[in-house]
Amino acid sequence: MKIYNKIGLIGIALLGLGATSCNDWLGEPSPGTTTLDDFFVSGEACLQVVNGCYVPLMWEYNHSYFSEWYIGDIASDDALKGGQNVADGADAYDIDNFKTNANNAIILDYYRAKYQGIIRCNLAIEKIGAYEPDETLTIDDKNCMLGQAYFLRGLYYFQLVRVFGGVPLVHEVLDSSDKWQQPRATAAQVYESIIEDLKFAEANLYEKDQYAEEDLGRATKGAACALLCKAYLYNHDYENAYTWGKKFVDEHYNTGKYSLCTNYADNFTLAGENGPESVFEIQYTADPTSDYGEGFGFSRGTFTIILTRPRMSSLGGDAGWGWNHPTHNLYAEFEEGDARREATIGVPDEEAQKEIEVVYLGSPYYNNKTSYSEGGTFPAIDHHSRGPLNYRLIRASDVLLFYAEAALESGKDLGAAKWALEEVRARARGNATVANALPAFPNYRGYSDNTESLRDAIRHERRVELAMEGHRWFDLVRWGIAKQVMDKDNGSYGSTEREEARAEMAAFIEGKHELFPIPNEELALNPMEQNPGY
């Protein structure tokens with residue numbers, strides 16, 4: 001059962017119900033009106049409102065497409081915008097080339113979708129928290145449902161703070177107009193809220209193996225532990241990041257609750273959904289119906305498949321729209337013989353590359369992880385614009401590399417940092433000899449057993465292991481090297497990419513472009529300070 005999709009309309013209905021029943025300043029309700037208190041009369045209602053909290057995670061379209069990879073991949077050195085041509089998707093073009101302004105539709109829809117999720121979580125926390133356990137809801141199930149709501153609220157805020165910095169913190173149901181304007185919190189305050197939510201979640205969620213099979217995909221104790229490690233790392237609290245990374249390794253990874261798939265590419269197939277390496281992923285399902293132009297919440301399938309498939313005529317009716325082209329720079333980052341490159345980057349054959357819209361600014365590549373290819377073929381999808389493939393948000397290898405980084409940067413355990421790095425490298429090596437136990441290739445100028453070299457090794461491994469999964473931009477920013485990498489003239493990417501791509505780039509402004517602007521429409525509704533430079 002794909003839990004987010006099955007109950008999407010229930011979640012929408014709950015929000016509408018809350019909006020009409022709580023605004024008593026509009027007047028007395030009409031006879032027959034259902035109130036929130038009328039709805040929450042059984043444990044089933046609590047389950048439905050929690051299910052509704054997951055739904056905004058899967059949203060990718062409202063007025064614009066706004067999947068997180070539009071930022072995590074396209075803003076970085078891993079990918080170019082793609083599409084039909086340079087003029088296709090002006091807002092994505094601006095993200096790609098550091099020309100984003102506060103009227104960008106992708107940024108607006110992304111911002112609003114996350115707050116829709118937060119609103120749903122606040123409702124679930126309030127109503128489930130007040131519900132007394134009975135024959136329809138045990139105390140353990142109640143606590144687990146609350147844990148899911150707190151986990152998701154923490155996740156939504158984590159997604160916001162990485163893109164915008166500090167944002168308004170809302171921890172209650174906004175049931176009257178005088179609560180609509182909320183002050184902007186600092187990034188530090190947002191991280192404090194995220195960590196508090198995730199600690200509650202970790203203490204109350206079930207383990208992955210405690211859920212019934214049809215509930216796979218729900219937040220777990222392991223997922224909360226992993227996200228705590230990640231949140232502390234982004235907040236540069238390496239000691240606590242190490243503590244939670246070690247807890248994940250000791251209590252979840254080394255106990256067999258999570259493991260690395262033997263075949264790396266299995267992580268990105270339909271059959272591999274919610275597999276042993278999956279810590280948390282966004283659930284999608286086949287949806288043959290059309291919902292074009294409907295906006296938030298009207299699709300149960302993902303648009304990412306059709307958006308990122310190549311624009312090759314040989315694919316016929318299932319040809320893609322050619323977005324999110326991997327760069328030559330990323331292709332060159334992989335060591336020769338590393339099978340992860342083929343699993344990550346698709347390369348159209350020579351005939352296909354001659355087609356007018358397959359190559360974008362010198363890049364013929366496409367994202368093999370999201371294009372739903374199986375054994376070199378592209379299965380048909382149920383609707384021309386959406387398909388069923390889940391989006392992998394947290395994998396065990398991601399957490400291992402976070403643990404390696406935290407162990408290194410905290411100075412707690414260099415041995416643990418090397419062990420975690422080697423866990424990921426060993427899977428990449430398989431039975432081949434192309435990848436040494438610790439990196440030794442030109443990018444590192446020869447591996448040496450010191451902190452600086454180990455840091456380079458971990459950063460390289462994060463790039464190739466997690467390439468085209470929406471992480472790279474956020475890594476560059478939190479490492480403080482975005483300008484060093486991305487600057488048009490002096491960056492390691494900006495000065496080396498193909499000339500066609502360089503011609504479109506703008507200069508990277510340090511102190512500005514690490515964050516995106518708060519959307520103007522949101523500033524009009526809720527006046528607050530804009531990010532520097534916008």
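**Exercise 1.** Within what distance do the axes of helix α17 and helix α18 come, and at roughly what angle do they cross?

*Solution.* Let's start with the ground rules. This is a predicted model, where local features need pLDDT of at least 70 and side-chain atom pairs count only at pLDDT 80 or more, while totals for chains, interfaces and linings use all residues. Residues are numbered from 1 along each chain as its sequence is written, and side-chain values use heavy atoms, leaving out hydrogens and water.

Step 1: find α17 at residues 414-429 and α18 at residues 451-465 (helices are DSSP runs of H or I, at least four residues; strands are E, at least two).

Step 2: compare the axes, which come within 11 Å and cross at roughly 30° (lines fitted to C-alpha atoms over the stretch in contact, with angles from 0 to 180 degrees between N-to-C directions).

Step 3: look at the contact (heavy atoms within 4.5 Å). Among its residues are Leu421 and Val424 of α17, and Ile458 and Glu461 of α18.

**Exercise 2.** Describe the largest cavity.

*Solution.* Step 1: a cavity is a set of points on a 1 Å grid over the protein atoms alone where a 1.4 Å probe fits but cannot get out; lining residues have an atom within 4 Å of a point.

Step 2: the structure holds nine cavities of 30 Å³ or more, and the largest has a volume of about 150 Å³ (the space filled by probe spheres set on the points, with grid points joined across faces, edges and corners).

Step 3: of its 15 lining residues, Leu57, Ser67, Glu68, Ile282 and Tyr284 lie nearest the centre. Helix α7 and strand β6 each supply at least two lining residues.

How values were computed. 1 Å grid on protein atoms, 1.4 Å probe; cavity = no way out; pocket = protein on both sides within 12 Å on 5 of 7 lines; lining within 4 Å.
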